[in-house]
Amino acid sequence: MRKTKLFCLPYAGGSASIYNRWKQHLGADIELVTIELAGKGRRIGESLYQDLSEAVQDVYKIIKKDLADAPYALFGHSMGGLISYELAQRIRANGLPAPVHIFFSGKSAPHIEREDEKKYHLMDDEEFERELIHLGGTPPEFFESPELAGIFLPILRSDFKMAQTTTNKGVIYPLNIPITVFLGKKDDQTPEQCDGWKFHTTKGCTLHYFEGGHFFLHDEMDPILKIINRTIRDSYDDGHL
């Protein structure tokens, strides 16, 4: 039985290393493949993306050679979920093999735009820092170091700009791929934004809610990975692999 590659994309400001702990908890039939985005982690010296399309094209180039070699799935949290969604659309448009499953985490349905949505990239530094602390994922001590803040605040601001200036709001192109959505009960998303994912697939959508806010991903790692393991295993049983 061939292993299923699980391509994982990080959230805004995160590097591929956020998924390092996953390797020892994934099933033996799953190969973890973490994607490092430009300007982060081991690619820290590279220029940040100018827009979402550039990010999607870069990730597409990274994984393109592997898409026909083995079954694969996509996972992305928050901004990583948005990139995963656009990546799946790019893969379909180019006629390459589709993922057997996509896992969207901490991301609302991409076609819904709220009038009260916070525009993080337009905030001044003081307000931006307050909102980042409120979101979680960035310890308050981080901002006490001018050196660290000077390096990473521009990266975070760039990521939020990329994630919040998409052009396909209100448009739905359903994927022919089953999807699973992980959501935080205390995250700032409306029921419509969560349930809206059901319109983005013709193959079934399952929603799972976890305790916590936007970064429930870290505290709920074990149940999330159990769902991923089971879902990919069921893909074999269903004859998809």
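A search of the whole structure, a predicted model, returns twelve aromatic pairs. Rings of Phe, Tyr and Trp (its six-membered ring) pair if their centres lie within 6.5 Å; planes under 30 degrees apart are stacked, over 60 edge-to-face, and the rest tilted. F7 and Y72 form an edge-to-face pair, with 5.8 Å centre to centre and 65° between the planes. This pair links distant parts of the chain. F7 lies in strand β1 (residues 4–9) and Y72 in strand β3 (residues 72–77), 65 residues apart. Strands (E, at least two residues) and helices (H or I, at least four) are DSSP runs, numbered from the N terminus. Both F7 and Y72 are buried, that is, under 20% relative accessible area with a 1.4 Å probe on protein chains only. Local features need pLDDT of at least 70 and side-chain atom pairs 80 or more, whereas totals for chains, interfaces and linings use all residues. Residues are numbered from 1 along each chain as its sequence is written, and side-chain values use heavy atoms, without hydrogens and water.

Ring pairs also join Y19, W22, F75, F103, F182, F210 and F216 into a cluster. Leaving aside neighbours within four places in sequence, W22 contacts (heavy atoms within 4.5 Å) L6, C8, L32, F75, L217, M221, L225 and I228.

W22 also lines the largest cavity, together with I18, Y19, R21, L217, H218 and M221. On a 1 Å grid over the protein atoms alone, a cavity is a set of points where a 1.4 Å probe fits but cannot get out; a pocket is an open set with protein on both sides within 12 Å along at least five of seven lines; lining residues have an atom within 4 Å of a point. The cavity volume is about 40 Å³. Volume is the space filled by probe spheres set on the points, which are joined across faces, edges and corners.

The second largest pocket has a volume of about 320 Å³. Of its 22 lining residues, A12, G13, G14, T138 and L156 are closest to the centre. Helix α4 (146–163) supplies the largest share of the lining, four residues.

Notes. Buried < 20%, exposed > 50% of the residue type's maximum accessible area, 1.4 Å probe, protein only.
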